[in-house]
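Good morning, colleagues. Please take a moment to look over the sequence and the structure, and I shall then take you through a few of its features.

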Amino acid sequence: MSLASPALADVPLPTKAERAVHERALTLDTHLDTPASLVLPGWSITQRHSVRDDYTQVDVPRMIAGGLDGGFWAIYTPQGPLDPASTRAARDYAFARAVAIHAMVAAHPEAFALADKAADAAPIAASGRRVVYLSIENAWPLGDDPTLLQAFHALGVRISGFAHFRTNQFADSSTDAPKWDGLSPAGVQLLAEMNRLGVVADLSHSSDAALDDALRLSKAPILLSHSGCKAVYDHPRNIDDAHLRALAAQGGVIQINSVYVKKLVQDPQRKAALDALEQRYPEHRTLSAAERADYLAQRHAIDRQWPEARAGFDDFMANLRHALTVAGVDHVGIGMDWDGGGGVAGLEDVADLPKVTAALLRAGYSEADVDKIWSGNVLRVLTAAEAESARERAGAATAQ
């Protein structure tokens, strides 16, 4: 990303007291695309990197600097064809990404710990380690078998989405032509499997009709792991106030991201250059050290020639404040989409997160409210998913 920035005069510099509130909070982000960094040649999660140099936004030193206790580390698979061979390759790719997350934890037990249940997060954070839940962004790798989610659940997946930027076999995407008018029959089966396993259903990226289906059919509260507010920025990825209220009424939570927060007009030459670079180095390709160096050199050259138009900290806060006003403080959290397109001027990487807590406190929210926003709400939803799973298991045992 280019760091040509709007004015930053309104970005709060946390006071000592505000920083103390932030440090006391259990801080979890529900959408970390950082697993993509784990396969970069020569890149280490335990070393401090710079967003200005390599565009990454999360590593252990910056998590410590920003007081981020952890979150949900995404198994992201870019959508491809729906033929069996492509889907099998996607399945293998997704399992490899899950293995990379486990390998990160195994290689650095002093820095990370896997979390299995909602109750695990606080003890892990208290031990000084970072919390690692897994999530699925795009269920395409499950193919035509929703029960494959069992294998990912065994690996630690506790949140799963349905579609991504393109409609797939499970749901219509918010950014693609509809095929199913919401969830497909397979998507309905997948939702039932999520409820049975205790996996939180994530409707970020899915269409409004799919969200309506999930609100109607899910036996546990649902989540939008990284979304925004249509009233602030009318983008297909964002949701309107009526859906915010329906989500809250169902017990669910919207986690505000830092991507779709303001309408921006990018230089078409910049877009063409980035598209060409992406064609040469697709996001799912594993690069050699030389290819990675070439990619970075070309990306920096593009940023210098055609600087990126960027939203600012106030734009992110406008989305967060709007969601809090409409849905209520019990139904809003944070999923910035770090390492997946997130970040705004003044909120560049996880080291900047105390600014969010400072802004919330200055807007009149209490420390208890801050605790809910940073983790309390999403852990409540995960606890409810666990309870629904226990009920269904008990019911199945009784029926036998």
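I begin with helix α13, residues 354–362, in what is a predicted model. Seven of its nine residues are buried, so the helix is largely enclosed by the rest of the structure. Those buried residues are Pro354, Lys355, Val356, Thr357, Ala358, Ala359 and Leu360.

What covers the buried residues of α13? The cover includes the helices α1 (16–24), α3 (60–66), α12 (313–327) and α14 (367–399), together with the strand β9 (332–334).

Let me turn to the two sides of this helix. After α13 comes Gly364, with a positive phi near 100 degrees. In the loop between β9 and α13 we find Asp352. Is Asp352 buried or exposed? Its relative accessibility is 15%, and because the cut-off for a buried residue is under 20%, Asp352 counts as buried. Leaving aside neighbours within four places in sequence, Asp352 is in contact with Gly346 and Leu347.

The structure holds three cavities of 30 Å³ or more, and the largest cavity has a volume of about 60 Å³. Which residues lie nearest the centre of the largest cavity? They are Leu203, His205, Ser206, Arg237 and Ile239, out of 14 residues in the lining. The elements giving two or more residues to that lining are α8 (208–217) and β7 (223–227).

Thank you for your attention.

Key. Residues are numbered from 1 along each chain as its sequence is written. This is a predicted model: local features need pLDDT of at least 70, side-chain atom pairs count only at pLDDT 80 or more; totals for chains, interfaces and linings use all residues. Side-chain values use heavy atoms; hydrogens and water are left out. On a 1 Å grid over the protein atoms alone, a cavity is a set of points where a 1.4 Å probe fits but cannot get out, and a pocket is an open set with protein on both sides within 12 Å along at least five of seven lines; lining residues have an atom within 4 Å of a point. Grid points are joined across faces, edges and corners, and a volume is the space filled by probe spheres set on the points. Helices (H or I, at least four residues) and strands (E, at least two) are DSSP runs, numbered from the N terminus. Buried means under 20% relative accessible area, exposed over 50%, partly exposed in between (1.4 Å probe, protein chains only). Contact means heavy atoms within 4.5 Å.
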